[in-house]
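This briefing concerns the strand arrangement, the domain interface and selected local features of one protein model. Please consult the sequence and the structure while reading.

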Amino acid sequence: MTVTVNNSKFDGTGPSKKLAKNAAAKAALASLCNISYSPMMHPQKNLPLPLDDKSSSMELPQIHADTIGRLVLEKFMEVIKGQESYSRRKVLAGIVMTENMNFNEAQVISVSTGTKCVSGEHMSINGSVLNDSHAEIVSRRCFMKYLYAQLELHFNPATANQSIFVRNQENAQYPYKLKTGVHFHLYINTAPCGDARIFSPHENDSSVDKHPNRKARGQLRTKIESGEGTIPVKSSDGIQTWDGVLEGHRLLTMSCSDKIARWNIVGIQGSLLSSIIEPIYLHSIVLGSLLHPEHMYRAVCGRIEKSIQGLPPPYHLNKPRLAQLTSSEPRNQAKAPNFAINWTIGDTEVEVVNSLTGKTVNNQISRITKQMFFNKYGSLVKNLPGLPERKLTTDYGQTKAKVKDYQIAKRELFAAFRREDLGNWLKKPQEQDEFALPE
C-alpha cells in the first residue's frame, strides 16, 4: 500500500491490507515526524549500554533503515529480471554504501539470496567452490569483489580518482585506505542464523530475559551441511579433517551470527586485502524482521566485548548501529531453495550458484570463490602502485598467514570466545587452502 503526503510517497507492505496500510502510515510518520518504531528505542533493562548513553547511539535512524531495505529490495527485483525462476528466496541480503551519510545518493554494492552450505563431497582443493551460500555471507564476498575492482582503478592514473580508496600517507603498513566519510550498511531480511536467532519469537521486547543463564546464550554455533538451523560447537567433534569429511562426517560451517561477530573484529575486507588496506567495518546492520536488540547486540559484538584484548591498531571491536524496517517481512514458511544468487555493482547479470555443489548452476566456477580472489590479489601485488616489491611464491593459506596483524586479531577473537567459555571456533580442513596461483 502507498500513502502520499505533500507529494511524497511512502510504501508499506504486510500480510494483509490493513497491516500494509498501517506500515505505510508508520513509514510516513517516521519520515515526517522523525518517529522511530525500532525495538532499539525501547531499551531492555539489561541491554549492555552505559547509563549515560542513550540507546539511540546504537540505532540507525528509522528513515535510513527503511531506505537501505528499500534499495536492496528494488535492486533485487531489477537484477532478477529475466531470471525470475531464481527469484524464490528465504533470505535476502545486500550491502549499501553511503558517502557522508547521504542516503539520497546511497549505492547498492551487492545483493544476494541463499540459505545453504556446500555438501562435503564437493569440497575443493583449489578454492573453486563456494563453501557458504547464506545470503549475508555471499553479499560480503561480493563486497570483497567490489574492493578488488576499486583498487584496480589505481592501476591507471586516469581512473585512480574514481576509486573509494586513496593512498595512505599516515601508515606505511597499509598503503591504501578508504576515503573519509565512506560507510557500509548490511541489510538482511531476517536475523542472522546462530546466536542472534536463538530466542522465542514470542519473547516480548520489553521483558527482561527470564533465562539470562540459559546455556545456549552466546555459544558459537555451526551450520549443518546441506541443511538449515545451527548447533552449538560444543556438541561437535572439534577438528575437521579432509578424509573425515570425505568419509561422510558432516562438513560444519560457523553460523552467520558468529561470522558477523568476527567481521566486527577483523573487518569485512578479508585477510588478503588486509595486507594492502586498513580494516573496513560495517557502520550498521538493518534487519527486515526478527530484530531482538538484546540478542542481536550480544550476537554481533556484546558477547566478547569484555574479554577481547590485545588487538593491534587499527583493529578494534566495532559496534554497528542496529535497526529494523518499518514494514517487517512476514515469516516465510516455504522450503528454502538449493540455489543462491549474487550480484555486485558492475556485473551485467546475476550469477546463480547451486549451494550444495558450490558451483554455478551451469557447473562453472563462481566469480566470488577463493580462487578468483587469489588471482585478483596476485594481479594487485604485481600492478598496484606503492606496494613493496612482492612476489607471490606461496600458496593461498601461507599468503593469508603472512598478514600478521590480521592473524593476531583473528587469534584474539578466538581466544575471547574461549575465555567466555563459548566454544572453539571450528576451522575447515586446511587442505582447502593449499592451492597456488596458476603459473
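In what order do the eight strands of the open sheet follow one another? The order is S12-S11-S7-S3-S4-S13-S14-S15, and the pairing within this open sheet is mixed. The model is a predicted one, in which local features require pLDDT of at least 70 and side-chain atom pairs count only at pLDDT 80 or more, while totals for chains, interfaces and linings use all residues. Residues are numbered from 1 along each chain as its sequence is written, and side-chain values use heavy atoms, with hydrogens and water left out.

**Open sheet**

- Strands (E, at least two residues) and helices (H or I, at least four) are DSSP runs numbered from the N terminus, and two strands are said to pair if DSSP finds at least two bridges between them.
- S12 and strand S15 (359-360) are the edge strands of the eight-stranded sheet, each pairing on one side only.
- Within the sheet, S3 and S4 run antiparallel to each other and are joined over six bridges, with Ile95 opposite Ser110 in S4.
- The loop between strand S3 (92-99) and strand S4 (107-113) contains Asn100, a residue other than glycine whose phi is positive, near 55 degrees.

- Strand S1 (residues 2-5) pairs with strand S2 (residues 8-11) in the antiparallel sense over four bridges, and Val3 stands opposite Phe10 in S2.
- The hairpin of S1 and S2 has two residues between the strands, and Asn6 there takes a positive phi near 50 degrees.
- Strand S8 (residues 221-224) has an antiparallel pairing with strand S9 (residues 230-232) over three bridges, and an antiparallel pairing with strand S10 (residues 252-254) over three bridges.
- Thr222 has Ile231 as its bridge partner in S9 and stands opposite Met254 in S10.
- Five residues separate S8 from S9 in their hairpin, and Ser226 in the turn has a positive phi of about 65 degrees.

**Domains and their interface**

- The domain assignment, whose bounds come from an automatic or database source, gives domain 1 (1-37) and domain 2 (58-199 + 215-433).
- The C-alpha centres of the two domains lie 32 Å apart.
- Twelve residues of domain 1 are in contact with six residues of domain 2, contact meaning heavy atoms within 4.5 Å.
- The buried area, meaning the accessible area (1.4 Å probe) that the two parts lose on being put together, summed over both, is about 670 Å², with carbon and sulfur atoms giving 58%.
- Helix H1 (residues 17-32) supplies five residues, the largest share of the side of domain 1 that touches domain 2.

**Salt bridges**

- Asp132 forms a salt bridge with Lys259, in which the closest N and O atoms are 2.7 Å apart.
- This pair links distant parts of the chain, 127 residues apart: Asp132 lies in the loop between S4 and helix H3 (135-152), and Lys259 lies in helix H5 (residues 256-266).

**Cis peptide bond**

- The peptide bond from Pro313 to Pro314 is cis, with omega near 5 degrees.
- Pro314 is located in the loop between helix H7 (293-300) and strand S12 (321-324).

Key
Salt bridge = Lys/Arg side-chain N within 4 Å of Asp/Glu carboxyl O.
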